[in-house]
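This report describes selected local features of one protein model.

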Amino acid sequence: MTDFIEVATATETREAAVALAEHLVGTRLAGSAQITGPVTSVFWHLGQQGTGEEWRLVLLTTADRYPELEATLLARHPWDNPQVTATSIVVGAASYLRWLSESIADRPAGPTPSV
């Protein structure tokens, strides 16, 4: 059985989140992406507490694809040290998880299987 995961990150702008999502889905490292925001974040940065608005990006993929997705995300992300975390999907609709698995399969570009 394939291990499915949600990978989360955030960006300063909606445009940056969309660009990352389009690249990662387009290269089939993720089957889909969801962007929400702006969200308010409270954090420590360079020894000081900060508050700011960010756009949250959640990518759906498999554990097998995670290393390449992480490397690509870190290389293309506008921040030097972005949040990149993964959470296991414990259970999901079989038809959706089958679609997700098919959507990230290595194969020539073409229509993505329908949900």
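Tryptophan 99 is buried, with a relative accessible area of 9%. The model is a predicted one. Tryptophan 99 lies in helix H3, which spans residues 94-103, and so does tyrosine 96. The two residues are 3 positions apart, about one turn of the helix. Tyrosine 96 is partly exposed, at a relative accessible area of 27%.

The structure holds 1 aromatic pair. Its members are tyrosine 96 and tryptophan 99, with 5.2 Å from centre to centre and 40 degrees between the planes. The pair counts as tilted, because that class takes the plane angles left between stacked, under 30 degrees, and edge-to-face, over 60.

The buried residues of H3 are Leu97, Trp99, Leu100 and Ser103. They cover an arc of only 155 degrees around the axis, and therefore sit on the same side of H3. Strand S1 (4-11), S2 and S3 are included in what covers these buried residues.

## The largest pocket

The largest pocket has a volume of about 420 Å³. Strand S2 (32-45) and strand S3 (48-62) are the elements that give two or more residues to its lining. S2 supplies the largest share of that lining, 4 residues. In total, 13 residues line the pocket, and those that lie nearest its centre are Phe43, His45, Glu54, Trp79 and Asn81. By class, the lining has 5 nonpolar, 5 polar and 3 charged residues.

## Glycine 50

Strand S3 also contains glycine 50. Is glycine 50 buried or exposed? Glycine 50 is buried, with a relative accessible area of 17%; this value falls in the buried class because the cut-off is under 20%. Leaving aside residues up to four places away in sequence, glycine 50 touches Ser41, Val42 and Phe43. Phe43 is also one of the residues that lie nearest the centre of the largest pocket.

## Accessibility of the residues described

The table lists the accessibility values given above.

| Residue | Relative accessible area | Class |
|---|---|---|
| Tyrosine 96 | 27% | partly exposed |
| Tryptophan 99 | 9% | buried |
| Glycine 50 | 17% | buried |

Within the aromatic pair of tyrosine 96 and tryptophan 99, tyrosine 96 is partly exposed, whereas tryptophan 99 is buried.

Technical notes:
Residues numbered from 1 in each chain as written. Predicted model: local features only at pLDDT ≥ 70, side-chain atom pairs only at ≥ 80, totals over all residues. Heavy atoms only, no water. Phe/Tyr/Trp six-rings, centres within 6.5 Å; stacked < 30°, edge-to-face > 60°. Buried < 20%, exposed > 50% of the residue type's maximum accessible area, 1.4 Å probe, protein only. 1 Å grid on protein atoms, 1.4 Å probe; cavity = no way out; pocket = protein on both sides within 12 Å on 5 of 7 lines; lining within 4 Å. Points joined across faces, edges and corners; volume = space filled by probe spheres on them. Nonpolar A, V, L, I, M, F, W, Y, C, P; charged D, E, K, R; others polar. Contact = heavy atoms within 4.5 Å. Arc of directions from axis to C-beta.
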